[in-house]
Amino acid sequence: MKPYIPEYVGTVTKYVFVDSPDTTPQDIATAAYEVAQGVMVKETCFGCQITGSPEDVERIVAHLRKLDPYRIFVKDRGFPPGDARRCRADLGGARPGYLGHEFEMKMARYISYGLEAVDKMTAEELEKAAGTPLPTEEPLDADIVEQLFMED
Amino acid sequence: MVKVFIYPATSLMLSDLVARYGHTPLGSAVSIREHIQTPGFDSPPLQMTAEDPQKGLKWAAVEVPSGIRGRMSLYGPLVEEAEAAIIIDEPELSFGCMGCARTNELLCFMLREKDIPRLELRYPASREEGVTFVAQIKKFLDDLKKEETA
């Protein structure tokens with residue numbers, strides 16, 4: 001064990017994801033650089049990562065959201081970009097993680113559609129839409145389980 | 001602005017929706033950030049130290065595996081801080097080892113036991129379900145805002 005001196009203390013890092021036919025990750029990164037004013041922006045294949053003071057990051061995120069409000073998704077990140085404990089440049093090979101992001105980005109189109117539809121709803125329509133239960137999967141019948149179990 | 005715990009704690013969509021509708025999402029990134037920005041002793045690879053399972057004792061008993069107690073040292077303070085919670089039922093993305101599975105069970109149990117507003121739903125699988133998913137979350141978060149101002 002050795003003393004640990006943290007880097008980027010007091011900063012926040014946010015991921016910006018985009019899944020849009022009109023806006024590319026490069027557009028997002030370019031727009032972020034335009035208003036960066038010294039804040040660290042890292043371009044990625046899905047959008048970008050922004051590291052800076054909470055106010056600066058919030059300002060850039062608000063600017064980016066305007067580009068494609070329903071198709072840009074933002075999330076906090078614990079580690080700053082390039083952290084030796086997570087960065088591929090130091091670890092070598094494929095980086096662990098992003099499985100959750102991959103899984104959730106598959107449903108980004110449904111949520112984008114939902115965001116757009118909900119934005120246009122009146123209070124009554126929202127009440128009605130929210131009252132509709134999401135269908136749950138039927139539990140597997142015990143007889144079918146037994147039948148499967150008895151099969152050779 | 002209400003602090004809303006999101007489960008799965010790493011969820012991109014929940015984190016985005018909570019922040020989009022004007023509240024503060026409490027996810028694992030928040031506690032990881034606090035963890036790695038605190039000076040101490042280096043303990044590779046992820047800055048977990050021997051103290052973390054001890055901190056986790058507050059939420060999980062001593063006979064519970066240290067992996068769960070270590071995870072609870074990150075999630076426990078967030079659950080205590082939470083003023084509301086959004087839970088996705090059986091999310092595939094949180095599938096992992098037994099440590100993850102038991103931590104997830106304990107986490108959901110703690111959120112359900114805590115007397116806070118709670119929304120439980122599941123991921124959408126079509127555009128229509130996407131509308132319902134967003135509408136339910138928006139209504140829940142708007143109601144929190146109304147309660148806060150009342």
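**Notebook: chains A and B**

I began at B:Pro8, which lies in the loop between strand E1 (3-7) and helix H1 (12-20) of chain B. Helices (H or I, at least four residues) and strands (E, at least two) are DSSP runs, numbered from the N terminus. The model is predicted: local features need pLDDT of at least 70, side-chain atom pairs count only at pLDDT 80 or more, and totals for chains, interfaces and linings use all residues. Residues are numbered from 1 along each chain as its sequence is written, chains are lettered from A and ligands numbered from 1 in the order in which they are written, and side-chain values use heavy atoms, with hydrogens and water left out.

**Backbone entries**

I looked up the peptide bond from B:Tyr7 to B:Pro8 and found it cis, with omega near 5 degrees. Most peptide bonds are trans, and most residues other than glycine have a negative phi.

I then noted two residues with positive phi. A:Tyr8, not a glycine, has phi near 50 degrees. A:Tyr8 sits in the loop between E1 and E2 of chain A. Is A:Tyr8 buried, partly exposed or exposed? A:Tyr8 counts as partly exposed because its relative accessibility is 38%; the classes are buried under 20% relative accessible area, exposed over 50%, and partly exposed in between (1.4 Å probe, protein chains only).

B:Glu90, also not a glycine, has a positive phi of about 40 degrees. B:Glu90 is in the loop between strand E4 (84-88) and helix H5 (98-113) of chain B. Its relative accessibility is 78%, so B:Glu90 counts as exposed.

**Chain A**

I read seven helices and five strands in chain A. Along the sequence the pattern is β-β-α-β-β-α-β-α-α-α-α-α. The radius of gyration of chain A is 21 Å, whereas a compact globule of 152 residues would have one near 15 Å. That radius is taken over C-alpha atoms, and the globule rule is 2.2 Å times the number of residues to the power 0.38. The C-alpha atoms of chain A fill a box of roughly 60 × 50 × 30 Å along the principal axes. I found 43% of the 152 residues of chain A counted as buried. Of the contacts in chain A between residues at least 6 apart in sequence, 64% join residues at least 24 apart; contact means heavy atoms within 4.5 Å.

**Chain B**

Chain B comes to six helices and five strands, in the order β-α-β-α-β-α-α-β-α-β-α. The box filled by the C-alpha atoms of chain B is roughly 45 × 35 × 25 Å along the principal axes. Buried residues make up 53% of the 150 residues. For chain B, 63% of contacts between residues at least 6 apart join residues at least 24 apart.

**Between the chains**

I counted 50 residues from chain A and 43 residues from chain B in the contact. The area buried between chain A and chain B is about 4,300 Å², and carbon and sulfur atoms give 67% of it. Buried area is the accessible area (1.4 Å probe) that two parts lose on being put together, summed over both. A:Tyr4, A:Glu104 and A:Leu134 supply 17% of the area that chain A buries against chain B, more than any other three residues.

I found 18 residue pairs in polar contact between the chains (both at pLDDT 80 or more). A polar contact is a pair of N or O atoms within 3.5 Å; within protein, one must be able to donate a hydrogen and the other to accept it, and residues adjacent in sequence count only if both atoms are side-chain atoms. On the side of chain A that touches chain B, H5(A) gives the most, with eight residues. The residues of that side divide into 32 nonpolar, nine polar and nine charged. Here Ala, Val, Leu, Ile, Met, Phe, Trp, Tyr, Cys and Pro count as nonpolar, Asp, Glu, Lys and Arg as charged, and the others, Gly among them, as polar.

How many salt bridges are there between chain A and chain B? The count is three, a salt bridge being a side-chain nitrogen of Lys or Arg within 4 Å of a carboxyl oxygen of Asp or Glu. One joins the side chains of B:Lys139 and A:Glu127 at 3.7 Å, N to O.

My last entry is B:Gln136, in helix H6 (residues 127-149) of chain B. B:Gln136 is buried, because its relative accessible area is 12%. Leaving out residues up to four places away in sequence, B:Gln136 touches A:Ala130, A:Thr132, A:Pro133, A:Leu134, B:Leu119 and B:Leu121.
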